[in-house]
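User: I have a model open and want to go through its side-chain contacts. Can you take my questions one at a time?

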Amino acid sequence: MDKTALKNQILECVRYPEIPDFSVDASTFGIVPDSSENQGEKIQKAIDEISGNGGGKLVFPKGVYRTGSIFLKSHVELHLSSPETVLSFVFEDLEKNYPVRFSHWEASPCYNYSALIYSFGQTDIALTGPGTLDGGADHDHWWNFHHQVENSWSSNDADLQIRARAMLRKMNQDGVPVSERVFGDGHYLRPNFIQPIRCERVLLSGFSLRHSPMWQVNPVMCKSVIIENLDICSHGPNNDGCDPESCDGVIIRGCRFDTGDDCISLKSGRDRDGREANIPCRNIYIEDNDFADGHGGIALGSEMSGGIYRVMATGNRFSSPNLTYALRMKTNAKRGGTIEDVILSDSTMDSVHGAAVHGTMLYEDGRQGNDLPVFRNIRIENITAHGGDYGIFLEAFDEVPITGLELENITIDGADKALRSMNWENPTVSNVRINGKVFPRPGFVRILGLTKMGSQVEACASNCGGPENVPFTFLWEGFDGTAWKPLGEGKTLVIPPETGMVRVTAVNAEGEKETSASYRVISESGWGEAADRLLERGAVIKTEPRDIPITRHLLSEMLFVLADTSRKMDLKDTEAEADRIAAGNRFLPVGKDGLFNPEATISREEMATVCMQSCGVNYRNASSTMPDCADRSEVQKNYGTNVYRSLYFGFMETDENNCFNPKNPVTESEAVTILNRVADFYGL
């Protein structure tokens, strides 16, 4: 893809609104600043009159203007003329101040509380100036409607919106007419802040947003949208910064994002609604923005059933250690949709704690669906980044590998793991360095089979970031008590006598090499293959696993082999090293008081989270997707997604009645079987 050609193609789709050269002060309409009275009716009357007379600019001098929702109409610009101008949205008499209107809620059409700044079917509208929009949301207003599951050990707090959210999802899936999807009072679906729907030529420029109930800027099915020089800061649940949805022609530039969810997230409809509407989000240009806190800096999805096409993001800065991902692509087999022709270039990522580049088809519902998504023609170039669980994390389903992937001139350091490359088809990888290592290179280098004297084992590896059919050379090394020594080349090896440990090195055609973990050469314990495989990989199992509930301390010892031993936690009630490391890696929960109960047992739903925390593939920002099992109603929602993923990856299983039995304790024998599967997946 050519950057200049793509940029020009996008910019040709965007025009500024045409607003008549006419200005009028808000006071002309009796609109009073710094009054305890709600000015909403007067503001709306002024907008209606200006629009009806051909349009112009409504100017708000400095002061605080209390108001309910505002319906912005054609050829009208609201101008906040002073940094001390505030439109303050009230949290009172919600039915009157935020009347039920046609809306989109998480990309599903419905009738719900009006957005705070709303528009529908209008042309040439603008909101400008250095003032502030204050949505009035906080932990006692709007935000308390929803408990957001932020991490794998989140509490299972009450969620007022969960019933209405599930109802809207089912209406979507069942094709219920939008006219029958009526929410509002008593349903707890929070409104978005700014939501123009089916509008053309929209300008949002210069102001600050604070305390948003939900998504902050959400143009829906609009054409020609310019969003520039905004300061978007709100840290409530689902407080996405800017979510263009099924829009054609959007420029986002010069903005600062500091948000409680994704900073920018491109959308195109959810599930059945999105596929039937079939309106993609396309021609998006993102330039010269600063990204601080947020889940994703620039996210594509997850509500992307209509597809996302032609996106260019260049010259952006990602500066906060609290930013999870810089570029994020997320979808699943229920959403479907295509992401195609995307360029991320010439950007710096000072610090991220998830990954510089992250893409997955296993977001939320994962493989639970029949509408497979597509990632195609993704180019990432001229990037420097620091930190993260991964440098680059990109995975796709086996049936729909990522095609047309280009990675060039990328330097990432300080990442815990360099790369996850699942189902890349013939990528182009050039001048990519992660933690000082050049890619493409071998990955997932490991030994298959039981490492005992006289047994034959097999070397295995993939070529992370390159074609899978590149030949490898395997150099075995053994330990004779004093030093490592070569044992021979080849794909298989019969382990000779007096070998203490063994490992294998893989070398690709370019001479890049990786070495596996070290495996103990053991005698069979008589405890079964799973226990022996864990023992050879370094797990601590001191006695034969029994069919009794496992304690958290014994589980910590088994998990030792999967842990980053540098991550330790000071615990108040134990000195056991394994416990401290398991807690530091967040494999097991620790109370807010720093207490860790080593003798406590662990339930199956908790074990699912242990699996996902320790398997080497960290899915941050846990959601409340529920598993497809007969007793799903018994799974607490804060464990739901991890139960689903543990079943999908084969770490855990349901019984013959398709029941997960989430509250049952995990036995020592079960733990060995489960963790052996996790270690296989991890690549040990």
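User: Is D416 buried, partly exposed or exposed?

Analyst: This is a predicted model. In it, D416 is partly exposed, because its relative accessible area is 42%, which falls between the 20% and 50% cut-offs.

User: Which side chain does D416 meet in a salt bridge?

Analyst: That of R567, with 2.1 Å from N to O. D416 is in the loop between β30 (402-413) and β31 (417-422) and R567 is in the loop between α7 (552-559) and α8 (577-584), so the pair ties together parts 151 residues apart in sequence.

User: What does E512 pair with?

Analyst: E512 forms a salt bridge with R441, at 3.0 Å from N to O. The two are 71 residues apart: E512 sits in the loop between β40 (501-507) and β41 (513-515), and R441 in strand β35 (residues 441-448). R441 counts as buried, at 5% relative accessibility.

User: Switching to rings. How many aromatic pairs?

Analyst: The count is 18. Take F89 and F193: their ring centres are 5.7 Å apart and their planes are at 85°, so this pair is edge-to-face.

User: Where do F89 and F193 sit in the chain?

Analyst: F89 is in strand β6 (residues 85-89), while F193 is in the loop between α4 (162-174) and β12 (194-197), 104 residues apart. Both F89 and F193 are buried.

User: What about F102 and F120?

Analyst: They also form an edge-to-face pair, with 5.7 Å centre to centre and 80° between the planes. F102 lies in strand β7 (residues 100-105) and F120 in strand β9 (residues 117-120), so parts 18 residues apart in sequence are tied together. F102 is buried, with a relative accessible area of 14%; F120 is partly exposed, at 31%.

User: Which rings form a cluster?

Analyst: Ring pairs link F91, Y98, Y113, W142, F145 and Y188 into one.

User: What lies over the face of F397?

Analyst: R367, at 5.4 Å from the ring centre. Likewise, the charged end of K417 sits over the ring of Y390, 5.5 Å from its centre.

Methods
Residues numbered from 1 in each chain as written. Predicted model: local features only at pLDDT ≥ 70, side-chain atom pairs only at ≥ 80, totals over all residues. Heavy atoms only, no water. Phe/Tyr/Trp six-rings, centres within 6.5 Å; stacked < 30°, edge-to-face > 60°. Helix = DSSP H or I, 4+ residues; strand = E, 2+ residues; numbered from the N terminus. Buried < 20%, exposed > 50% of the residue type's maximum accessible area, 1.4 Å probe, protein only. Lys NZ or Arg CZ within 6 Å of the ring centre and 35° of its normal. Salt bridge = Lys/Arg side-chain N within 4 Å of Asp/Glu carboxyl O.
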